[in-house]
Structure formats: structure tokens, C-alpha cells
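Me: I would like to learn how to read the features of a protein model. Please take them one at a time.

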Amino acid sequence: MPAQREVILNVNVLDVGFHPSAWRAPDLHPTSFIDPDYYTEVAKIAERGTLDALFLADGPALREDPAVKPTRALEPTTVLGVVASATEHLGLIGTASTTFNDPFDLADRFLSLDVVSGGRVAWNVVTTFHAGTAHNFGLSRIPDRESRYRRATEFVDVVTALWESAATGDPVHHDGEYFHVHGVLPVPPSPQGHPLLVQAGGSPQGRALAGRSADAVFSAELTLDAGRQHYREVKDVARAAGRDPRSVKILPGLVTVVGSTEAEAVARYEDWESKAAGGFSAERLGGMLGVDLSSLDPDRPIPEDLLLAPVDPSFSGSLGFREAVVRLALESRYSVSELLRRAGGFGHRLVVGSPEQIADTIEEWFVAGAADGFNLMPDGFPSGLTDFVDHVVPLLREKGIFRHEYAESTLRGRFAPREWLVSPETR
């Protein structure tokens with residue numbers, strides 16, 4: 001009989017925090033995001049809280065104005081190698097693009113990290129939609145979505161075949177649309193066999209790839225009903241592919257601002273907002289929607305015709321983010337200001353509240369069949385993560401839905417199917 005299902009909690013380390021003004025915190029140096037000691041400090045806090053994994057994004061291009069906020073700079077697997085040496089149990093999830101990498105090199109890099117960490121690694125599969133990245137790799141533009149996902153599907157197949165070749169010694173013979181690979185990966189298998197696959201796309205193509213191949217999905221859902229719908233859709237795709245739907249974990253992003261009371265949390269959030277560069281969050285939200293929000297009254301509902309207009313063919317952003325934000329704006333008739341308070345300009349659910357409120361919302365989504373866990377995105381590091389570990393984690397343990405200690409030695413062991421705590425219709 002499998003063990004009882006527990007909520008999965010990863011921490012997504014976005015520079016020095018989710019909020020664009022997090023770098024202004026008095027207890028943090030603004031250049032921490034390029035300091036290895038910063039990442040090991042955050043990792044040790046996460047491990048103290050028995051969180052599942054530390055999650056690093058990747059973006060091989062300068063994306064934000066450095067005068068506004070720090071931007072990602074260090075390559076993820078390099079940082080995760082440092083984190084691996086400073087921790088014993090914490091999982092290590094690194095992002096890498098299928099559009100701008102080679103499958104043999106990526107398979108070699110991630111499996112090597114998995115071996116040296118004792119089986120704690122996962123690869124977050126993305127296709128990349130940022131135009132500046134294409135220019136860095138000698139392309140005039142980002143390939144269209146269909147092409148990116150065809151390449152991604154083949155890329156994942158080649159990487160997993162190479163990982164299997166490391167265990168069997170049988171050569172890979174692959175001749176496809178994008179790749180021609182013949183050989184064996186010269187790396188031994190790790191204690192968990194090979195890295196897990198995480199998938200972060202919310203488009204129909206992304207959900208298809210997730211249901212077919214992923215061990216976990218990093219999703220962007222803002223309401224409980226939308227979360228349950230997405231949960232069922234991905235599980236159904238997995239089931240249709242002959243997989244146990246429990247083997248695909250749905251992990252929405254969850255931005256947290258923790259205070260001892262709701263009023264204290266709101267004051268903390270408003271303090272962050274007062275220090276942010278003017279217009280940054282609204283500009284980012286507009287880019288996510290493919291809509292110019294600058295001419296709108298920030299305190300009046302966003303016009304429906306603007307939200308329902310067909311997506312411009314040139315739009316290369318995340319359809320999953322866009323779909324989630326548009327649905328929330330339409331259902332709630334939100335203004336730009338209200339939408340920013342709910343989605344924070346990043347398309348992920350934002351919860352500003354007491355430890356009890358945050359623990360309750362995690363439990364609600366988990367039990368209702370909207371999530372198997374969350375990718376936590378604290379407002380600022382290290383304080384936002386420390387507050388979560390010290391004050392929210394104990395409440396989740398009291399509810400019986402989160403571990404008191406690490407029982408499995410590998411990340412795959414912690415992601416293995418468990419007994420359900422939800423009704424059959426939500427599976």
C-alpha cells in the first residue's frame with residue numbers, strides 16, 4: 001500500500017525574490033543573486049523546512065532593465081552543483097531550453113549533476129519565447145510555437161533515451177526531424193535512475209507534452225476552478241498515454257507574502273509596492289497579455305473586448321499565463337490595479353496573509369484536486385522563505401499533509417504516487 005499523499009513544496013528562487021523591489025530589502029545585498037553563498041543560505045533554509053526542492057529558472061538573455069531590478073545571471077546547473085555540495089536531501093530543479101541546447105550535452109550535464117548529488121535532480125523543460133534569446137543564438141526571431149514544441153518533444157525523447165543508454169549500455173540510434181544522435185551517454189545512472197522531468201508550458205502543446213512525458217508540471221492557475229480543470233486535463237492526457245495519472249504532479253506557482261496577521265502581511269506587501277519602479281509590474285502584466293495597458297484607467301474594469309480580442313499571431317509569450325490571467329480578469333471584472341494585486345504582474349497566484357490563511361489555501365487546493373503541491377515564490381529572500389518555513393510549515397504538518405522529516409533519499413522517491421486524499425471525480 002503506497003504511503004499517504006503529502007503536499008509537494010518546491011521553492012522557486014527568482015533572483016532575490018518574487019517582488020521587483022525585493023533587492024531593496026535592508027537585510028540583503030543587491031548583488032546576492034550572483035553570490036554562491038546566497039543560494040546555499042536559501043537552500044539550507046528550505047532543507048530545514050523539509051521542502052522538496054530548490055527550483056531555478058534560466059534565461060540566457062538580459063531581460064529586465066538592471067536599473068529596475070537584478071536579473072538572472074548564473075547558469076542554473078552551475079549554481080545547483082554548489083547547492084548540492086551544501087545540502088543532503090533537498091532536490092535540485094534546473095531549467096534549460098529545448099530550443100537553445102543540444103540534447104546530448106544537456107543529457108550529460110543533468111545526469112552528471114544527478115550522480116554527484118545522489119539522485120536529487122530534475123530538468124525543467126521549457127521552449128523559450130523571449131526574442132532577445134534568439135538574437136543571442138544567431139537567430140533573427142524565435143521559432144513559431146508549433147515548431148518549438150515539435151523540437152521539444154523530439155528533444156525530450158532523445159534525452160531520455162540517452163539517460164536509459166547510460167544504464168543499459170545500448171547505443172541510441174535516432175534520426176529525426178531535428179536531431180541525429182548515435183551513441184551511448186558515458187555517465188553512470190544515478191541512484192534514482194536519471195533526473196525527473198518537469199514541464200512548464202501551459203499551452204495545449206505544453207499540456208500534451210506534460211501528460212506524455214513529465215513527472216511534474218509547473219502551472220499558472222489563479223482560481224480554484226481553473227486549477228481543478230487544468231489538473232484533470234493533464235491527468236487525462238497522462239491516462240490516455242497509458243500512464244498512472246498519479247505519476248504526474250501538478251504544481252502551480254504560489255507567491256507568498258507572510259505576516260503574523262493579515263494586516264501585517266498587507267503592510268509588508270504595500271511597502272514592497274511603494275519601493276518598486278513605477279509602471280514595472282503593469283508593463284510586465286501587459287506583455288503577458290499581449291495588450292498595452294498604459295492607456296487604461298488603472299481603477300476601472302479592463303474592457304472585455306480588449307481581453308477577448310484574438311491573440312496577435314506575432315505573440316510568442318506563454319499562452320498558459322495569458323489564459324489564466326484573462327480568465328481571472330473576465331470572471332472578476334478586475335481593474336489593472338486589482339489584477340496586479342491578484343497576479344502580481346507574473347501570472348501566478350498571489351496570497352498575502354497570515355500563516356493560517358496561507359496554510360488553509362494550500363490545503364484547500366490540495367484536497368480539492370487542484371494541485372499536488374506548489375512551487376513557492378516568496379516575495380523576498382531570505383526573509384520570505386524563513387517566515388514560510390518557521391510559521392506555515394508547522395501548520396501544514398499539524399494538518400497531516402506535509403512531512404516532519406525526509407523519508408526518501410531521492411527526489412523521485414518523494415514524487416512517487418501516493419494514496420489519494422481527494423474524491424475520485426477530482427483525480
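This is a predicted model: local features need pLDDT of at least 70, side-chain atom pairs count only at pLDDT 80 or more; totals for chains, interfaces and linings use all residues.

Me: Which residue meets arginine 414 in a salt bridge?

Reply: Aspartate 52 does, at 3.5 Å from N to O. The pair links distant parts of the chain, 362 residues apart. Arginine 414 is in helix H15 (residues 411-414), and aspartate 52 is in the loop between H1 and strand E2 (53-56). Helices (H or I, at least four residues) and strands (E, at least two) are DSSP runs, numbered from the N terminus.

Me: Are arginine 414 and aspartate 52 buried or exposed?

Reply: Both arginine 414 and aspartate 52 are buried. Buried means under 20% relative accessible area, exposed means over 50%, and partly exposed lies in between (1.4 Å probe, protein chains only).

Me: Where does glutamate 75 lie, and where is arginine 109?

Reply: Glutamate 75 forms a salt bridge with arginine 109, with the closest N and O atoms 4.0 Å apart. Glutamate 75 lies in the loop between E2 and helix H2 (76-86) and arginine 109 in helix H3 (residues 103-117), so the pair ties together parts 34 residues apart in sequence. Glutamate 75 is partly exposed, with a relative accessible area of 30%. Arginine 109 is also partly exposed, at 24%.

Me: How do I read a salt bridge within one helix?

Reply: An α-helix has 3.6 residues a turn, so residues three or four places apart point the same way. Here the side chains of arginine 239 and aspartate 236 meet in a salt bridge of 2.8 Å, N to O. They are 3 residues apart in helix H7 (residues 224-240), about one helical turn. Arginine 239 is partly exposed at 40% relative accessibility, and aspartate 236 is partly exposed at 43%. Elsewhere, salt bridges that share partners join Arg5, Lys235 and Asp372 into one network.

Me: How much of helix H6 is covered?

Reply: Helix H6 (residues 204-213) is mostly covered, with 7 of its 10 residues buried. Among them are Gln205, Arg207, Leu209 and Ser213.

Me: How do I read an aromatic pair, and how many does the structure hold?

Reply: A pair of aromatic rings is described by the distance of the centres and the angle of the planes. Rings of Phe, Tyr and Trp (its six-membered ring) pair if their centres lie within 6.5 Å; planes under 30 degrees apart count as stacked, over 60 as edge-to-face and the rest as tilted. The structure holds 9 aromatic pairs. One of them joins tyrosine 38 and tyrosine 39 edge-to-face, at 5.0 Å centre to centre with 70° between the planes. Tyrosine 38 is buried at 4% relative accessible area. Tyrosine 39 is buried at 8%.

Me: Which residues do ring pairs link into a cluster?

Reply: The cluster holds Phe110, Trp123, Phe155, Trp163, Tyr178 and Phe179.

Me: Where is phenylalanine 402 found?

Reply: Phenylalanine 402 is in the loop between helix H14 (383-398) and H15. At 2% relative accessibility, phenylalanine 402 is buried.

Me: Which peptide bond is cis?

Reply: The bond from phenylalanine 381 to proline 382 is cis, with omega near -5°. Proline 382 is in the loop between strand E11 (373-378) and H14.

Me: What is the phi of aspartate 15, and what is that of threonine 50?

Reply: Aspartate 15 has a positive phi of about 55° although it is not a glycine. Aspartate 15 sits in the loop between E1 and H1 and is buried at 6% relative accessibility. Threonine 50, not a glycine either, has a positive phi of about 55°. Threonine 50 is in the loop between H1 and E2 and is buried at 5%.

Methods. Residues are numbered from 1 along each chain as its sequence is written. Side-chain values use heavy atoms; hydrogens and water are left out.
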